[in-house]
Every structure is written in structure tokens, then in C-alpha cells.
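Please look at the model before reading on.

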Amino acid sequence: VDLNAEWIEQRLSLDIGSCSYKSIVILAQALLKPVVYDKVDVYFEVCGHLPLLTITGDYHPDTFCMTKNSTNTRLDLTVEAYRSGPLLVSVIRDPTGRKGDYFHVDDSDL
């Protein structure tokens, strides 16, 4: 049993009826197991794909690094765990729907 997956499943299930979420941001100290994303995919199957940003502090790079999963709307950001934050995360929506949505992440310590 993965506690993170259970927590994500419980929180997303609260919105399944209304599908009111516009984006999802997951903050974690370590890299998440694939089962967590399986729970998010269940929500996406019902409510449609949303911008998803996962911020983890497991690795220790010198700079912020974003990777985009080209098959969905998931972005992963790895930060220097003990030196980052607070983070301001904004979703920039594409009003045309052609280019997709983007995340802007600002670290107040930099």
C-alpha cells in the first residue's frame, strides 16, 4: 500500500462529481511511485486531462529543471530541497486551446 497514492486518490475523489479542478500540483520530498500517477489517471479518465505539476526535492541540481511528458499534460520539476522555497506556482492558460497550458514557478529565495 502506497500512502501517497491513497492520499491522492482520497483527495481527487472529493472532486469526481463536479470535476471543478483546473490544475493539479503535487509537492513531495521524494520521487513518487508510478501508482500515484495511476490514481491521477483515474481522475483524468472521468474529468479529462488537466495540467499536472509534480515538484520533488529528491535530487539536488543547481538550477530548476522542468521536463514535460509529451503524451499528457504532466510536468515534473526537481528542486534543491533544502534551499528552495517558498515557491509561487501559477498556471498560465492558453485561451485558444492550441498551445496548451504552462506552469510558471518562481522561487522567492533566488
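Lys-39 and Glu-9 form a salt bridge, with 3.6 Å between the closest N and O atoms. This pair links distant parts of the chain, 30 residues apart: Lys-39 belongs to helix H2 and Glu-9 to helix H1. The model is predicted: local features need pLDDT of at least 70 and side-chain atom pairs count only at pLDDT 80 or more, while totals for chains, interfaces and linings use all residues. Residues are numbered from 1 along each chain as its sequence is written, and side-chain values use heavy atoms, with hydrogens and water left out.

**Salt bridges**

- The whole structure holds 2 salt bridges (a side-chain nitrogen of Lys or Arg within 4 Å of a carboxyl oxygen of Asp or Glu).
- Lys-33 and Asp-2 also meet through their side chains in a salt bridge, at 3.9 Å from N to O.
- Lys-33 sits in the loop between strand E1 (24–28) and helix H2 (34–47), and Asp-2 in the segment before helix H1 (3–13), so the pair ties together parts 31 residues apart in sequence.

**Exposure of the paired residues**

- Asp-2 is buried, at 16% relative accessible area, whereas Lys-33 is exposed, at 52%.
- Buried means under 20% relative accessible area, exposed over 50%, and partly exposed in between (1.4 Å probe, protein chains only).
- Lys-39 is partly exposed at 26% relative accessibility, and so is Glu-9 at 41%.

**The chain as a whole**

- The chain has 2 helices and 6 strands (DSSP runs of H or I, at least four residues, and of E, at least two, numbered from the N terminus).
- Of its 110 residues, 31% count as buried.
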